[in-house]
Structure formats: C-alpha cells, structure tokens
Amino acid sequence: SGEARQALERFLSGLDTYSAEFTQTLTDETGFLLQEADGRLSLALPDRLRWELDGPFEQWVIADGEYLWLYDPDLRQATVRPLDDSLEATPLALLTQPHRLDERFEVAEETVPDGLRLVLSPRAREADFTQLELDLTRDGELQALAFLDVFGQRTEMRLREARRNPALAPAEFQFTAPPGTDIYRP
Amino acid sequence: CAALPESAGERALAQEAFMERAERVAAVPDWRLAGRLVLETPGESWSGQLSWRAGDDSQIIDLTGPMGRGGGRLVLGGERAMLLTRDGERYEASDPDALMVVMTGREIPVSGLDHWVRGMARPGVPFDLRADRSGQPMRLFQDGWEIIYRTFEDAGPARLPTSMELTRGEMNLRLTIQRWQLGVPAGS
C-alpha cells in the first residue's frame with residue numbers, strides 16, 4: 001500500500017492509548033473562517049474515544065466502547081447512538097475502528113507540503129461528509145484530521161502535544177450525564 | 001447604553017433614530033455573518049453554526065450541526081427558495097420559512113431574521129420597539145416574535161448585534177455572532 005497508508009499503519013502500530021490537543025477550524029467554500037476553537041482528543045483503541053471542544057461551541061463526543069454520546073453542555077442535552085453505526089454521527093468514529101477503514105471508505109493518497117495525506121471517501125451514500133482527510137508525517141505522527149461536506153465546508157483539527165500510550169483512567173471514556181441532562185436516542 | 005427613553009416624545013425620537021439607523025444599514029446590501037445558533041424547544045434542542053451571506057439579489061444561509069453534520073444550505077433569490085441538505089436532498093418552495101421546517105423541523109423565521117439580525121424591523125409589517133436614543137434596538141416585537149438585543153459591535157454604518165434572543169411561544173432562539181463582515185460581495 002502507499003506511503004500515507006504505511007504512515008497510518010506506523011501511527012497505529014503499538015498504539016493502545018493516545019491523547020492530543022487540537023485547534024479546530026471551520027471554513028466555508030470561499031475560505032471564510034466560520035469558527036475556530038481549541039479542544040482535546042483522547043483515544044483508547046479500538047473503540048473508546050473522548051473529544052472535547054471548548055469555547056462558544058462547547059461539545060463533547062464520547063465513545064464508551066458500546067455507545068457514542070454527543071453532549072452539548074449549553075443545551076444540557078446528549079444524543080446517544082450505538083457505536084457501530086455512529087460513523088454517521090462523527091467521522092471521529094473512524095479513529096475508534098481503524099481496522100474497518102477499507103470496508104467504510106475508498107482510500108486514496110496525496111502528498112501535501114509537510115507530509116502525507118490519506119483521502120477517504122465514504123462508501124455509504126448518505127454520509128454527511130464527502131471526504132475525510134488524515135495528514136501524517138512519514139514516521140507515522142498524526143498531524144491533522146479534516147472532513148469536507150457537500151457544500152465545500154471544511155472542518156479541520158490540527159493536532160499538537162500528542163502523547164502515545166499515556167495512562168488514561170477508565171472514567172475518561174465514560175459519559176455520566178450531569179443532573180438535568182435530556183438524553184435523546186435518534 | 002443610553003438612558004431608557006421615558007416620555008412619549010423621547011420614544012418618538014428613538015423610533016425616528018431607529019428608522020434612520022435602518023436606512024444606513026440597508027444601504028449596505030452585501031454582508032455576511034458567522035455565529036452560533038441555539039434552538040431550544042420543548043422537544044429536542046439543536047445548536048450549531050450559522051453562516052449567512054447576503055448580496056443584493058441573493059442570500060446563502062448555512063446551518064451546520066455538531067461535527068459538521070446535519071443542517072443544510074438555504075439559497076434565497078428571486079421568487080424561489082431552495083434547500084440542499086448535507087446528504088444530498090433538494091427541496092424548493094416560495095417560502096423560505098417552510099424550507100427551514102424541512103431542514104430543522106422548526107419554524108426558524110428566516111424572512112424576519114434577515115432584518116432582525118441587523119437590528120432592523122421587517123419592512124411593511126407592524127412592529128413594537130424599545131430603542132435607545134441612538135436608535136439602537138433593545139427589544140423588538142414583530143411577527144409574533146419578541147427579539148431582545150443584548151450586545152452590539154461597531155461594524156461600519158451602525159453597531160450590529162452580536163448576541164440576541166428570539167422567543168415565540170415555546171420556541172427560543174439564541175444567536176451569538178462571532179464575525180460580521182460588511183461590503184464583501186456574497187460570492188467572494
């Protein structure tokens with residue numbers, strides 16, 4: 001397989017847990033910056049994840065191994081769905097089940113200025129995003145994750161302060177709804 | 001902000017200043033905003049990104065839910081309005097508010113918001129107003145909606161709203177605007 005795919009394999013090999021900070025930007029098809037916020041991502045492969053976005057668009061996404069929770073502290077509302085069909089809810093779910101990459105995506109590669117890019121097009125027709133991108137260095141460091149939608153809007157997370165196999169408490173990947181939270185199961 | 005006008009005379013002055021402000025703002029047909037829209041209703045609430053681009057004969061309104069999902073794009077221009085959803089569905093109607101119901105399941109008053117978001121009343125429709133002496137709105141009642149303006153920022157012809165709340169019946173919309181840009185053609 002191609003260089004970018006090998007870089008992804010390097011990233012995943014020996015990876016049990018992972019944590020990083022990120023800056024997320026949302027731009028529209030004209031490049032106009034719509035939203036920018038910082039956040040944190042942690043993973044416990046294969047199927048647990050925590051993603052928290054700060055700022056006015058505060059959001060939490062938690063995969064606890066069985067379910068995927070999307071929590072909005074401002075609304076005091078959480079939506080929950082089974083993990084395996086949660087890829088629709090968040091492209092992040094890809095990171096929880098990397099072994100299912102080819103099953104879910106057509107994989108292509110691009111070289112980008114400072115690294116390699118894996119370009120993933122979802123096989124599921126009704127996916128809400130038309131393309132998912134993983135930027136990696138040659139030696140397998142994940143630099144960024146991005147997803148594009150049908151209007152050309154691009155959500156990009158540039159990662160930093162990454163740590164491989166940090167000790168993470170189990171509670172990191174459990175969602176305990178704060179009091180007064182409405183929970184919805186679409 | 002300026003002291004609350006008490007007397008009828010002062011209210012008339014504030015209303016006049018409000019209309020003058022509206023003319024100054026309306027004189028800039030190209031504008032765009034990026035902000036966060038929160039929609040609270042008895043059922044499931046919704047929050048996400050709102051991007052609104054207006055040119056003199058067309059408008060593009062994008063709603064994006066968490067993780068860049070859900071919502072869709074509303075294109076207004078001429079007689080017809082068009083809705084494109086993220087999973088490729090396409091709808092057309094003459095009334096954009098009806099398309100908002102298709103997109104979000106709720107009646108987001110697009111035809112009113114177009115003006116309210118700039119601190120103006122919808123032309124040709126009766127309204128009730130509380131404004132300060134400079135004509136900057138504090139509270140506007142129109143189309144059954146109560147609109148409360150909380151904060152503004154300088155943006156050229158007039159100070160434009162950066163946080164506002166709209167209520168009608170059991171529906172509550174909160175809009176915080178992070179970026180205003182005036183005078184840039186909608187397409188660029």
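Predicted model: local features only at pLDDT ≥ 70, side-chain atom pairs only at ≥ 80, totals over all residues.
Helices here are DSSP runs of H or I with at least four residues, strands are runs of E with at least two, and both are numbered from the N terminus.

Residues are numbered from 1 along each chain as its sequence is written, chains are lettered from A and ligands numbered from 1 in the order in which they are written, and side-chain values use heavy atoms, leaving out hydrogens and water.

How much of chain B is tucked away? Buried residues (under 20% relative accessible area with a 1.4 Å probe, protein chains only; over 50% is exposed, and in between is partly exposed) make up 54% of its 188 residues. The C-alpha trace of chain B spans about 55 × 40 × 30 Å along its principal axes.

Now for the rings. Rings of Phe, Tyr and Trp (its six-membered ring) pair if their centres lie within 6.5 Å; planes under 30 degrees apart are stacked, over 60 edge-to-face, and the rest tilted. The whole structure has 10 aromatic pairs over all chains. In one of them, A:Phe129 and A:Phe147 have ring centres 6.3 Å apart and planes at 55°, so this pair is tilted. A:Phe129 sits in the loop between β8 (115-122) and β9 (131-136) of chain A, and A:Phe147 in strand β10 (residues 142-148) of chain A, so the pair ties together parts 18 residues apart in sequence. A:Phe129 is buried, at 5% relative accessible area, and A:Phe147 is buried too, at 3%.
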